[in-house]
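Student: Could you take me through one part of this structure closely, beginning with a pair of aromatic rings? After that, please connect it to other contacts, step by step.

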Amino acid sequence: MMKNRWIALYVENQVGVLAKVSGLFSGKSYNLQSLTVGTTEDETVSRMTICVTSDDVTFEQIKKQLNRMVEVIKVIDLTDMPIHMKEILFAKVKNCSVEDKAELFQIAQVFHVEVSDIGKDSVLLECKMTERRNNELIDLLRSKFKQIEIVRGGAVAIESISTSCAGRAEYFRK
Amino acid sequence: MAMDMTGRKLFVKALLEEGVDTVFGYPGGMVTDILDELYKHEEIDLVLPRHEQGLVHEAEGYARATGKTGVCIVTSGPGATNIITGLADAHYDSIPLVCITGQVPLNLIGNDAFQEVDIVGMASSITKYSVTVRDRKDLGKILKMAFYIARSGKPGPVLVDLPKDIQTAVGPGDYPESVSIRGYKPNESVHIGQLKKGYKLLKSAQRPLFLIGGGVNIAKANEKLLKLVEKTKIPMVTTVMGKGAIPTDHPYYIGNSGMHGRYAANIAVGQCDVLFSIGTRFNDRITGDLNEFAPKAQIVHVDIDTASISRNVVVDVPIVADANLALEKLLEWAEPQNTQEWLEQIQEWDKENPLEMRRDKGMTPQMILEQINQQFEEGIIVTDVGQHQMWASQYIELNEKKQFITSGGLGTMGFGFPAAIGAKIGCPEKPVVCISGDGGMQMNIQELATAMAQGANVIVCIFNNYYLGMVRQMQQLFYGKRYEATCLRSRKSCPKDCKGPSGNCPPYEPDFVKLAESYGACGIRVAKESEIVPALEQAKQCSTPVLIEFMIATEEIVLPMVKGGNPMTEMILK
């Protein structure tokens with residue numbers, strides 16, 4: 001079945017590794033949705049959070065192909081695991097009237113996001129929510145305002161400690 | 001702790017500790033330091049080819065013939081890009097290579113410096129591992145990793161990009177004895193439970209069949225496989241790369257399966273109820289239409305590469321293991337099975353459509369190949385890519401004294417001749433016969449000079465039909481004989497709508513006999529059947545490389561044939 005799936009990938013923190021991982025996806029025609037990367041507590045290791053859209057067979061193959069790369073230390077399939085997953089999103093709304101600004105503050109309050117900058121006719125929202133919640137916010141802003149600028153970072157996920165307060169990847173799906 | 005030394009000194013130390021006695025190298029500005037260091041070492045032979053593509057195929061042939069790792073040294077930029085095809089070829093056919101590419105000094109990388117290319121970026125999808133050495137202190141470890149990765153697990157090519165200043169910089173002189181890589185742990189055991197499950201399935205079969213790929217030859221598990229086949233009495237087919245896994249005249253060996261496989265072999269795959277495969281990735285040339293592949297069979301798949309399993313064909317029992325280990329275990333359990341009826345049935349299919357070419361008019365490839373079988377009791381048969389390759393894969397007989405080397409996965413024209421030179425350099429005591437087409441031979445013909453210089457006295461048999469025959473065969477069968485771009489006699493003066501040879505075709509170039517002679521090699525032309533044996537006998541006596549040009553019928557085709565994407569049981573037989 002075609003669906004979104006998530007992988008956490010531990011890789012060597014070396015020049016060219018990101019290019020190799022992303023090259024694997026393009027070279028083999030895998031459908032990459034998002035990829036984030038950053039260092040871990042061990043500075044020689046980076047961790048990637050990858051979202052792909054694929055069927056079961058292709059997803060198995062993706063995991064195997066990643067595992068086969070010398071620079072890949074560990075592949076974790078997050079799809080059915082209890083995890084915490086967040087995505088950072090900046091939404092800049094321009095050409096705001098005074099009423100628009102008031103409404104944006106209300107929206108920020110309801111969505112629990114921060115208004116991190118403001119100008120004569122613009123407002124910047126800073127959001128750390130699930131991808132799904134971010135999508136909802138974007139949809140709302142699109143429906144209400146004409147000029148918006150969106151910058152989003154891709155999802156970052158970590159396995160949960162206690163299963164009760166985490167969601168499954170299923171929950172975060174768009 | 002060894003004394004500090006230059007990178008170039010450590011590089012040669014690494015070669016010596018890895019037991020490397022032959023390297024394939026072509027000079028250039030960014031490898032002069034390494035070459036200068038090698039100048040001091042008599043214990044390492046440097047083979048100088050005439051083109052880097054020839055170089056890398058020579059290293060492949062050397063590696064396949066000797067089982068050792070082929071070592072290549074080329075310069076940055078064009079030197080590096082010229083080995084790309086060979087890297088891809090070695091990657092597909094699991095050939096262990098360590099390729100050192102010179103690189104511009106670290107501070108010039110990214111400046112579009114003279115002869116600078118991002119070879120690691122280009123090669124990463126066609127190598128097992130590729131890396132730039134960015135710190136002199138890592139050099140020893142990276143070289144150790146390169147050799148370890150190239151030859152362990154599923155072997156393959158490794159590229160080490162070596163900036164010029166790393167070669168001259170002084171740093172630690174230690175070459176590690178072993179290396180542990182956290183992201184690379186080749187499989188060194190067998191899952192006994194899975195293997196037992198696979199064997200149980202095999203044992204329960206009424207019409208069991210082994211499908212053997214190149215993995216068995218790479219693992220050198222031939223003897224064990226032969227014992228298993230004999231003990232279980234189960235018939236066996238091979239892929240092109242698996243050919244020779246057991247002697248081809250063995251009563252349980254049916255032949256190659258696949259696009260140009262033997263009729264009985266493809267029918268047997270279609271009819272078997274358990275297909276036990278070892279060391280093949282079920283490439284499209286073996287399976288044809290995936291929905292129609294072995295439709296009645298449950299499939300057991302043993303392969304060292306996890307990613308090869310259940311990729312193309314969904315299998316019932318996947319087993320990740322080295323062929324050697326799996327066969328060893330299987331031998332412990334193996335018991336005779338009642339396959340008499342099944343074997344007879346297969347023989348009947350073979351009688352219905354045996355592998356045979358016409359014998360009524362003129363010399364055929366089969367006649368030449370039969371004489372090659374007769375004339376050489378031992379040795380290495382190397383092929384290029386095309387019709388001659390498929391004929392060789394059909395008619396060449398192999399046993400434990402004979403090895404077959406061919407470019408199976410990538411299908412690289414121009415592979416055969418240099419690979420044969422490399423094989424001869426690695427095994428000078430064995431006769432090496434290269435079977436090539438007139439097209440592929442011209443892709444690396446400059447290596448005649450290398451063969452002469454190295455005293456690599458290979459016997460090259462060119463099957464000359466004036467065409468790029470494999471594609472022409474497709475045009476002949478599926479494109480209304482519109483021979484676009486496949487006739488090697490074609491000139492500007494020829495009519496555009498040519499549909500085959502006429503009485504006034506232009507002459508063929510080059511004159512292979514004269515060309516061979518111009519290099520100081522021996523050239524022989526064979527136009528009819530009666531000349532085959534004398535030519536081969538003369539070739540065996542020669543003290544130079546020999547090139548025999550066999551003038552075969554122009555429109556001969558490889559049969560049986562399955563059209564790409566069709567079921568393997570739908571064969572064109574006539």
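Tutor: Phe24(B) and Tyr62(B) are both buried. Keep in mind throughout that the model is a predicted one. Searching the whole structure gives 11 aromatic pairs over all chains. One of them joins Phe24(B) to Tyr62(B) in an edge-to-face arrangement, with 5.5 Å from centre to centre and 65 degrees between the planes. Phe24(B) belongs to strand β2 (residues 22-25) of chain B and Tyr62(B) to helix α3 (residues 52-66) of chain B, so their pairing ties together parts that are 38 residues apart in sequence.

Now take a second pair, Tyr199(B) and Trp333(B). Their ring centres are 6.1 Å apart and their planes meet at 45 degrees, so this pair is classed as tilted. Tyr199(B) sits in helix α9 of chain B, while Trp333(B) sits in helix α14 (residues 323-333) of chain B, so the pair ties together parts that are 134 residues apart in sequence. Are these two residues buried or exposed? Tyr199(B) has a relative accessibility of 6% and therefore counts as buried. Trp333(B) is buried as well, because its relative accessible area is 19% and the cut-off for that word is under 20%. Chain B also has an aromatic cluster, formed by Tyr466(B), Tyr508(B) and Phe512(B).

Val190(B) has a relative accessible area of 16%, so it is buried. Leaving aside residues up to four places away in sequence, Val190(B) touches Leu195(B), Ile319(B), Ala321(B), Leu325(B) and Ala326(B). By contrast, Gly110(B) lies 80 residues from Val190(B) along the chain, and the C-alpha atoms of the two are separated by 46 Å.

Charged side chains come next. Side chains of opposite charge can pair when their charged atoms come close. Over all chains, the structure has 36 salt bridges. In chain B, Glu556(B) and Arg358(B) form one of these, at 2.8 Å from N to O. Glu556(B) is in the segment after β20 (546-551) of chain B, and Arg358(B) is in the loop between α15 (340-352) and α16 (365-375) of chain B; the pair links distant parts of the chain, 198 residues apart. Glu556(B), at 9% relative accessibility, counts as buried, whereas Arg358(B), at 25%, counts as partly exposed.

In the first, the side chains of Lys63(A) and Asp77(A) form a salt bridge of 3.1 Å, N to O. Lys63(A) lies in helix α2 of chain A and Asp77(A) in strand β4 of chain A, so the bridge ties together parts that are 14 residues apart in sequence. Lys63(A) is buried, with a relative accessible area of 15%, and Asp77(A) is partly exposed at 26%. In the second, Arg133(A) and Glu136(A) form a salt bridge at 3.2 Å, N to O. These two residues lie in helix α4 (residues 131-144) of chain A, 3 residues apart, or about one turn of the helix. Arg133(A) is partly exposed, at 32% relative accessible area, and so is Glu136(A), at 38%.

Last, consider how the two chains meet. At this interface, 17 residues of chain A are in contact with 18 residues of chain B. The chains bury about 1,300 Å² between them, with 50% of that on carbon and sulfur atoms. On the chain A side, Lys64(A), Arg68(A) and Val70(A) lose the most area to chain B, together 43% of what that side buries. Arg68(A) also forms a salt bridge with Asp305(B), whose closest N and O atoms are 2.3 Å apart. In total, 3 salt bridges are counted between chain A and chain B, along with 7 residue pairs in polar contact. Two elements of chain A, α2 (56-68) and β4 (72-77), each give two or more residues to the side that touches chain B. The most comes from α2(A), with 6 residues. By type, the residues on this side of chain A divide into 7 nonpolar, 4 polar and 6 charged.

Note on methods. Residues numbered from 1 in each chain as written. Chains lettered and ligands numbered in written order. Predicted model: local features only at pLDDT ≥ 70, side-chain atom pairs only at ≥ 80, totals over all residues. Heavy atoms only, no water. Contact = heavy atoms within 4.5 Å. Buried area = accessible area lost by both parts, 1.4 Å probe. Salt bridge = Lys/Arg side-chain N within 4 Å of Asp/Glu carboxyl O. Polar contact = N/O pair within 3.5 Å; in protein donor to acceptor, adjacent residues only side chain to side chain. Helix = DSSP H or I, 4+ residues; strand = E, 2+ residues; numbered from the N terminus. Nonpolar A, V, L, I, M, F, W, Y, C, P; charged D, E, K, R; others polar. Buried < 20%, exposed > 50% of the residue type's maximum accessible area, 1.4 Å probe, protein only. Phe/Tyr/Trp six-rings, centres within 6.5 Å; stacked < 30°, edge-to-face > 60°.
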